[in-house]
Amino acid sequence: MVGGALISVYPDDLTFLFELDKPCYCNLKVVNNSEHHVAFKVKTTSPRKYFVRPNASVVQPWDSCTITITLQSQKEYPPDMQSKDKFLIQSTRVAASTDMDEIPPDTFNKETDKVIEEMKLKVVYTLPSGSSDDSGVTSSANRSFKQGGDDLSMLKNASIEEIQTIQRLKDERDNNLQQNQQMQRELDMLRRRRSRKGDAGFSLTFAAFAGIIGLLVGLLMSLIFSSPPVTT
């Protein structure tokens, strides 16, 4: 954990399970340690290499937010499996009315008198279990790491079509899992947004409902009293 007066960030480093030709994912949790609304923004030294969602948002008092950072698929392993990429997370207090999806562009402007905290995170690459991290391997041996976790005894007698099918199914499974996680994060964000506007929305809905009921009751009473008496 790294933290300041406003927020704490888990974990300390961004650790990616590195595989060739496949995107890699890492979740980062931002926790608001204060009684104020706090806006944060994520920056990286390699913006074309990583996809960050959300890269900026507002965290309510004592609440938290999960960020998903995606390392785009890479064609080769980095030297010695070391990364020089860095991430910077800025945070500052904002008004409670600040929209988490439309943060003012000058929110993190250091020329103002506002206090802006900064946290730096480094990137760590790890290999799947069963792979080697020998830095002297050739590029062809590097690509073999991609299959290091597979069941070699099963693949030994498998055809090329079967191997391709297995790999395709694994990729689909990983993509579906990532999509489900992303949908859950978006649902959580919608719930938080609705909770901020829930009271006003409930009052408006209740007033409209009460108005409709009153109109129906008035119409019913008008029909009853305007009906001619029944003669015998």
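**Entry 1: terms and source.** I count two strands as paired if DSSP finds at least two bridges between them, and I take helices (H or I, at least four residues) and strands (E, at least two) as DSSP runs numbered from the N terminus. The model I am reading is predicted, with local features needing pLDDT of at least 70 and side-chain atom pairs counting only at pLDDT 80 or more, while totals for chains, interfaces and linings use all residues. Residues are numbered from 1 along each chain as its sequence is written, and side-chain values use heavy atoms, with hydrogens and water left out.

**Entry 2: the chain as a whole.** I looked up the elements and found three helices and ten strands, which run β-β-β-β-β-β-β-β-β-β-α-α-α from the N terminus on. With buried meaning under 20% relative accessible area, exposed over 50% and partly exposed in between (1.4 Å probe, protein chains only), I find that buried residues make up 31% of the 232 residues in the chain. The accessible surface comes to about 15,400 Å², of which 56% belongs to carbon and sulfur atoms; these areas come from the Shrake-Rupley method with a 1.4 Å probe, and for residues only the protein chains shown count as cover. I also looked up contacts, meaning heavy atoms within 4.5 Å: among those between residues at least 6 apart in sequence, 70% join residues at least 24 apart.

Entry 3: In which order do the five strands of the open sheet stand? I read the order as 3-10-9-5-7, with mixed pairing. Strand 3 (14-17) and strand 7 (56-59) stand at the edges with a single partner strand each, so one side of each is left without a neighbour in the sheet. The twist averages 25° from one strand to the next, where axes are lines fitted to C-alpha atoms, for helices over the stretch in contact, and angles run from 0 to 180 degrees between N-to-C directions.

**Entry 4: strand 9 and its partners.** I followed strand 5 (residues 37-44) and strand 9 (residues 86-94), which run antiparallel and are joined by eight bridges. Along this pairing I noted Ala39 opposite Thr92, Phe40 with Ser91 as its bridge partner, and Lys41 opposite Gln90. Strand 5 also pairs with strand 7 in the antiparallel sense, over four bridges, and there Val38 stands opposite Val59. Strand 9 pairs with strand 10 (residues 117-126) over six bridges, again antiparallel, and Ile89 has Met119 as its bridge partner in strand 10. I find strand 9 mostly covered, seven of its nine residues being buried.

Entry 5: How many salt bridges does the structure hold? I find four, taking a salt bridge as a side-chain nitrogen of Lys or Arg within 4 Å of a carboxyl oxygen of Asp or Glu. In one of them Asp21 meets Lys75 at 3.5 Å, N to O, and this pair links the loop between strand 3 and strand 4 (24-32) to the loop between strand 8 (64-71) and strand 9, 54 residues apart. Asp21 is partly exposed at 32% relative accessibility, whereas Lys75 is exposed at 59%. Glu19 and Lys22 form another, their closest N and O atoms 3.8 Å apart, and both residues are buried. My search of the whole structure for disulfides finds zero, a disulfide being a pair of cysteine sulfur atoms within 2.5 Å. Cys24 is buried, with a relative accessible area of 4%, and Cys26 counts as buried at 8%.
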